[in-house]
Amino acid sequence: MRNDPFVHWFHALEQRHLAKLNFSEIRKAVQALSSTYVERRERIESGSVFSGAGKRAAFAMYFGPLHFLLVREIVRALNAAVPSDGVILDLGCGTGVAGAAWALESEPSPRVIGVDRNGWALQECKWTYQQLRIRGTPKACDIRTLRIPARTAVMAAFTINELDPAARDRFRRDFIKVARNGAPVLVIEPIARRLTSWWDHWSHDWKAAGGRDDEWRFRVHLPERLALMDKAAGLDHRELTGRSLWLPALA
Ligand SMILES: C[S@@+](CC[C@H](N)C(=O)[O-])C[C@H]1O[C@@H](n2cnc3c(N)ncnc32)[C@H](O)[C@@H]1O
């Protein structure tokens, strides 16, 4: 625990954001952001989740660490390996946590390319890579038109549900090709069916191709201040939940 890079990073993250805003301001923003993701999803497309210092801090300091911990548990449970000379492409990387969590669980730790369309998220992603000592590069890009380079492992955490159906369908086909060309793909989403009505179709293709579909619940130890924020915001992440589609390299 003491040498866990997550703990050091979380501590630095807290100092970085609490230097600008107080606990109660960030708590209010956590509640606002949580409501956007659950009830006011039309606001996501307009970029409103990243508007204002409070929401940015909440995204970075609250949702980021929770996503990091969930991804890490999933990667461990799946024993999700990246080819030894591999690179991880993190689609819709946000603050970079999902690709970073996967890279830190891989030996040797692969390079990560984080792509996102939001400039603030990419700045924060750069800082995440530096803090966690990841060999990572954030890149500005709209993933709807991105071609996935050959032999690149793909991570897409909480991103596919934000895409329009056409873009989602393209990835549904492209991800299977990525695996057939020798690189693994890991898609992670919330369990809520409302957000993942497309999941069963993907799962069908995934399993037919040799992959797997899982639902996860992990009891995790949250750092004290994260647990405090969780409770103060009226949320409960003592158990982290999510679902994943995993396709190992098939070639
Ligand atoms: C819910 S966040 C998840 C961030 C990160 N993967 C994580 O697990 O914390 C979704 C991210 O996808 C990005 N995103 C959504 N649609 C995108 C698109 N068309 N092109 C690039 N990034 C996109 C958003 O900017 C946001 O950073």
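Predicted model: local features only at pLDDT ≥ 70, side-chain atom pairs only at ≥ 80, totals over all residues.
Residues are numbered from 1 along each chain as its sequence is written. Local features need pLDDT of at least 70, side-chain atom pairs count only at pLDDT 80 or more, and totals for chains, interfaces and linings use all residues.

Me: How many of the five residues of strand β4 are buried?
Reply: Strands (E, at least two residues) and helices (H or I, at least four) are DSSP runs, numbered from the N terminus. Buried means 20 or more other C-beta atoms within 10 Å of a residue's own, with C-beta atoms placed from the backbone. A153, M155 and A157 are buried on one side of β4, V154 and A156 on the other. Strand β4 (residues 153-157) is largely enclosed by the rest of the structure, because its buried residues number five of the five.

Me: Which residue of β4 is the bridge partner of D90?
Reply: Two strands pair if DSSP finds at least two bridges between them. Strand β1 (residues 87-91) pairs with β4 in the parallel sense, over three bridges. In β4, the partner of D90 is M155.

Me: Which residue in β5 stands opposite V154?
Reply: β4 also pairs with strand β5 (residues 185-189), in the parallel sense over four bridges. Opposite V154 stands V185.

Me: Is W102 buried or exposed?
Reply: W102 sits in helix α5 (residues 97-104). Beyond neighbours within four places in sequence, its contacts (C-beta atoms, placed from the backbone, within 7 Å) are V71, V75, A80, I88 and M155. W102 has 26 C-beta neighbours inside 10 Å, so it counts as buried.

Note on methods
Buried ≥ 20, exposed ≤ 12 C-beta atoms within 10 Å, placed from the backbone. Contact = placed C-beta atoms within 7 Å.
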